[in-house]
Amino acid sequence: MRWHAPQKASGSYSCSSNSRNMTTKQDLQAIENQISTIQVSSHGETVKPVLAHGGFKTVEKGRNWGWLLSGFISLNILLLGIAIVSGSVFNKIQITSSHLLIFLILLVILTTVWMVYYKIHTSRVYRAVLYKDSHAGPVWLRGGLVLFGVCSVIMDIFKIIYYVGRIHCESPVKIAYPVVQALFVIVQTYLLWVHAKDCVQIQQIVTRCGLMLTLSTNLMVWMTAVTEESLHQTVAPADPSYNSSSNGSYKINVTSQDRAVESDCKCSHNMCDVFEKAYYYLYPFNIEYSLFASAMAYVMWKNVGRQMDEHHSHKLRFSLWDVLIGPVAGLIVLVVGLATFVLYEVDVAKGDPKKKEDALIMHYIMNIVAILLMSITALIGCIIFRMDKREQVSGKNPTRSLDVGLLVGASLGQFLICYFTIVAVLASGVQGHINGLNLANSILTVIQLCLQNAFLIKGLHREPFKETETSTVFANVMAVRERDPERRSSSIVPAHTLPIPLTLLQGRLSWKRRILKEICGFLLFCNVILWIMPAFGARPQFDNTVGSDIYEFKTWAAIVNIGMPFGIFYRMHSVASLFEVCLAS
């Protein structure tokens, strides 16, 4: 095949020095872009170079087909999965949990096979990945993925040990699924750690379909785990004639009814109860892992066929010299929150109505104080961003768009619970201290969510502060000469040669940057404790019966079980976003 594009590109870009100021380096860069385009098209993709905004970009003819096909795959998998999950929950006779696990095993195996194929194919094909998205898969997101992945594997091991002791009366599928899921988590964690930044240029339709399959599988695993965890945490009234004056003292766990039916199934070893409690405590980590993996798979899907215009990225660094008051205050809130959470769980488990009432009052007061402080700090942060002169981030950025979408979308879960609670408390007449505190907590939560979303969205869309690589600092000449004899002839010392932190010599950060970092540090720890409490079992929505009195128990349980998982994810996603805003500030 004869190719004359280099001459054509060179001729089109080279002009006289009087008319254009095009250098040889730019000529070579334009030729290289065309070579990359031809190499990509040789692997089966139909692409066409066009001139746009002064540079060559490729237009993939099959892009719409790839998006459409992969979207149909995801839609059908999710709808089928929702139908099977709903059937296994509401009709346990014809559709059992074994049917759901068989569907998940097939889905997980198919996704694992594709991920292995992706790894082998991209590692062997020359120039399959021409560009890397510097914003995708930051190290703290991948670090969180690894942490949650390790906890998920440990959870699968505990489930295997638990079901091995009940193999004589349980379906073998319940042992096979955690084995397959553990392998899936290991393979996926490695793939996302290595390839999260990839902008794949070959076999784009197949890659898009595979990534959407990965996304759908993670969402199905998340949906199954959320359903099982919600059923485990949901409490139902034992006596239909109970009323709010009992304050929920006549309640039993839904799962205890299921165990009564399975009382004939005895465990073959004495550690079944221990491992069952252990893997239930690890469910929140498995739920967060699935959501983290889904977000990273979506960004990879958006980056398929993408050509980056800019190859540089801002190097964001974190320094302990920058923040102090915010993290310390946040740690205090975190420790106090953990203490009140433990006391709340202990008092509620005792079943004494008086202790349960005291536990609810303590829980609401702690939440009100934390949320009030968070609202004030977020408001201050919004005011500082209003005064900030930094430019907005320009250009396409799938990571930023996904972050904002997840923040707004996940916060709807807490909005849902809060507004239903406000209506229920007002309809009941706001009787008693508990209902008054519950109403105040819900109203303040709505305000805090709005302020924190505004603060995070503004922060994520601001360009990082630009700092020079080699700053020069005027220091004490005599002190420098004493430390470095070779520099006695100069009074100007490069900053990287000084033995003390540069920020001490420069008078620390500006007051705006310092306050923004302190705010991020405080909000980060506060969101951690607000994630821990609902993720590990705090359900004041069921311990306080005002919601179930107004809406009936089944309706109220559906509202809580739908909104709670999104609220838990919102807090964890806010932690990652706050850390990024802190670095960019």
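This text walks through a predicted model of one protein chain, from the whole fold down to single residues.

Start with the whole chain. It holds 20 helices and 8 strands. Of its 585 residues, 50% are buried. Now consider contacts between residues at least 6 apart in sequence. Of these, 84% join residues at least 24 apart.

H10 covers residues 283–303. How long should a helix of 21 residues be? At 1.5 Å a residue, H10 should span 30 Å. Its end C-alpha atoms lie 31 Å apart, so the two values agree. H10 is also mostly covered, with 19 of its 21 residues buried. Just past the helix comes Gly305, which has a positive phi of about 80°.

H10 meets another helix, H13, made of residues 398–428. The two axes come within 10 Å and cross at roughly 140°. Is that antiparallel or oblique? Only angles over 145 degrees count as roughly antiparallel, so H10 is oblique to H13. The crossing is right-handed. Find the residues that touch. From H10 they are Ala295, Tyr298, Val299, Lys302 and Asn303. From H13 they are Pro398, Thr399, Leu402 and Leu406. By type, the residues of this contact split into 6 nonpolar, 2 polar and 1 charged. Look at the spacing along a helix too. An α-helix has 3.6 residues a turn, so residues three or four places apart point the same way.

Helix H5 (residues 139–164) packs with helix H9 (residues 272–281). Their axes are 9 Å apart, at an angle of about 150°. This angle makes H5 roughly antiparallel to H9. H5 passes H9 in a left-handed crossing. On the H5 side, the contact uses Met155, Phe158, Lys159, Ile161, Tyr162 and Tyr163. On the H9 side, it uses Cys272, Phe275, Glu276, Ala278 and Tyr279. Here the contact residues divide into 9 nonpolar, no polar and 2 charged.

Next, follow helix H11, residues 325–350. It has 26 residues. From first C-alpha to last, H11 reaches 38 Å, close to the 38 Å expected at 1.5 Å a residue. Which residues of H11 are buried? They are Gly326, Pro327, Gly330, Val333, Leu334, Gly337, Thr340, Phe341, Tyr344, Asp347 and Val348. After H11 comes Gly351, with a positive phi near 80°.

Now zoom in on two single residues. Is Thr217 buried or exposed? Its relative accessibility is 1%, so Thr217 counts as buried. What does it touch, apart from neighbours within four places in sequence? Thr217 contacts Leu107, Val108, Thr111 and Phe184. Thr217 and Ser290 are 73 residues apart along the chain, yet their C-alpha atoms are separated by 8.8 Å.

The second residue is Ser375, in helix H12 (residues 353–387). Ser375 has a relative accessible area of 8%, so it is buried. Which residues does it touch, once neighbours within four places in sequence are set aside? Ser375 is in contact with Leu444, Ile447, Gln448 and Leu451.

Finally, check the backbone angles in two loops. Most residues other than glycine have a negative phi, and most peptide bonds are trans. Two residues depart from that phi pattern.

Val430 has a phi near 50°, a positive value in a residue other than glycine. Val430 sits in the loop between H13 and helix H14 (432–460). Its relative accessibility is 33%, so Val430 counts as partly exposed.

Glu552 has a positive phi of about 70°, although it is not a glycine. Its loop lies between helix H19 (546–551) and helix H20 (553–584). At 55% relative accessibility, Glu552 counts as exposed.

Methods
Residues are numbered from 1 along each chain as its sequence is written. This is a predicted model: local features need pLDDT of at least 70, side-chain atom pairs count only at pLDDT 80 or more; totals for chains, interfaces and linings use all residues. Side-chain values use heavy atoms; hydrogens and water are left out. Axes are lines fitted to C-alpha atoms, for helices over the stretch in contact, and angles run from 0 to 180 degrees between N-to-C directions. Helices (H or I, at least four residues) and strands (E, at least two) are DSSP runs, numbered from the N terminus. Angles under 35 degrees count as roughly parallel, over 145 as roughly antiparallel, 65 to 115 as roughly perpendicular and the rest as oblique. A crossing is left-handed if the near helix is turned anticlockwise from the far one by less than a right angle, and right-handed if clockwise. Contact means heavy atoms within 4.5 Å. Ala, Val, Leu, Ile, Met, Phe, Trp, Tyr, Cys and Pro count as nonpolar, Asp, Glu, Lys and Arg as charged, and the others, Gly among them, as polar. Buried means under 20% relative accessible area, exposed over 50%, partly exposed in between (1.4 Å probe, protein chains only). The expected span of a helix is 1.5 Å times one less than its number of residues.
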